[in-house]
Amino acid sequence: MLSLSGFLLSLLLNGFLVMLLFVYGTLRPCFGHPLGRALRKQALDRGIGTVAGRLFDCGDYPVAVPDPMNRELIQGELYDLAIGHALWAELDEYEDFRPQSVSQSLFERVQVVAMDAMGTRRIAEIYWYRASISGLGQIEGGDYLAFCRC
């Protein structure tokens, strides 16, 4: 069995570069979403992490927006996924992100600074909500799992 560093080295030696993904909602483990299960099978789990931002309840799922003051944190999980992996396109579709037409997308995938459980800052991709948060209730503490009591 490959170690964590061995896994990454194997990816790099085989011509794959990886990008870190931060998930904060229904793709987290306890929700059992098929795309979340695919993510855990096809990406490298880097554990829990946080991103500066605010989380809101949109009914069936949470939405995240940047926190301009960087005072609030969103709790989530971090995954290394090979750049160009087919799962990126599936994630974009699930999140209603159209890279060729961002103005018509409900979410936008952007790079942010994430902090892992060890306190290391890393660049990660996140899906920010693009629509109005007016009328949505904020999820205090930024943790969708705690909010759902999952």
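Student: Which elements are included in what covers the buried residues of α2?
Tutor: This is a predicted model, in which local features need a pLDDT of at least 70 and side-chain atom pairs count only at pLDDT 80 or more, while totals for chains, interfaces and linings use all residues. Residues are numbered from 1 along each chain as its sequence is written, and side-chain values use heavy atoms, with hydrogens and water left out. In helix α2, which spans residues 34-42, the buried residues are L35, G36, A38 and L39, where buried means under 20% relative accessible area, exposed over 50% and partly exposed in between, with a 1.4 Å probe and protein chains only. What covers these buried residues, in terms of contact (heavy atoms within 4.5 Å), includes β1, β5 (73-82) and α3.

Student: Why do the buried residues of α2 lie on the same side, and how wide is the arc that they cover?
Tutor: L35, G36, A38 and L39 are the buried residues of α2. An α-helix has 3.6 residues a turn, so residues three or four places apart point the same way. The arc is taken from the directions between the helix axis and the C-beta atoms.

Student: Against which elements do the buried residues of α3 pack?
Tutor: In α3 the buried residues are L87, W88, L91 and D92. They lie on the same side of the helix because they cover an arc of only 145° around the axis, whereas A86, A89 and E93 are exposed on the other side. The elements against which the buried residues of α3 pack are β1, α2, β5, β6 and β7.

Student: What is the phi of the residue that follows α3?
Tutor: The residue that follows α3 is D96, and its phi is positive. D96 is placed in the loop between α3 and β6, and it counts as partly exposed because its relative accessibility is 25%. The positive phi occurs here in a residue other than glycine, and its value is near 55°.

Student: Where is N70, a residue with a positive phi although it is not a glycine?
Tutor: The phi of N70 is about 55°, a positive value, and N70 is not a glycine. N70 counts as exposed because its relative accessibility is 57%. Its place in the chain is the loop between β4 and β5.

Student: How far apart in space are E140 and F56, C-alpha to C-alpha?
Tutor: E140 lies in the loop between β8 (137-138) and α4 (144-148), and it is exposed, with a relative accessible area of 64%. In sequence, E140 and F56 are 84 residues apart. Their C-alpha to C-alpha distance in space is 8.5 Å.

Student: In what order do the elements of the chain run from the N terminus on?
Tutor: Helices (H or I, at least four residues) and strands (E, at least two) are DSSP runs, numbered from the N terminus. The chain has four helices and eight strands. From the N terminus on, their order is α-β-α-β-β-β-β-α-β-β-β-α.

Student: What share of the contacts with a separation of 6 or more comes from residues 24 or more positions apart?
Tutor: The chain has 150 residues, of which 41% are buried. Among its contacts with a separation of 6 or more, residues 24 or more positions apart account for 67%.

Student: Which element has the lowest mean pLDDT?
Tutor: The pLDDT is the predictor's confidence in each residue, from 0 to 100; its mean over the chain is 89, and 89% of the residues reach 70 or more. Over residues 1-5 the pLDDT is below 50, and this stretch has four contacts in the model beyond near neighbours in sequence. Where pLDDT is low, the predicted coordinates should not be read in detail. Strand β4 (residues 62-65) has the highest mean among the elements, 98, while the lowest, 50, belongs to helix α1 (residues 4-13).
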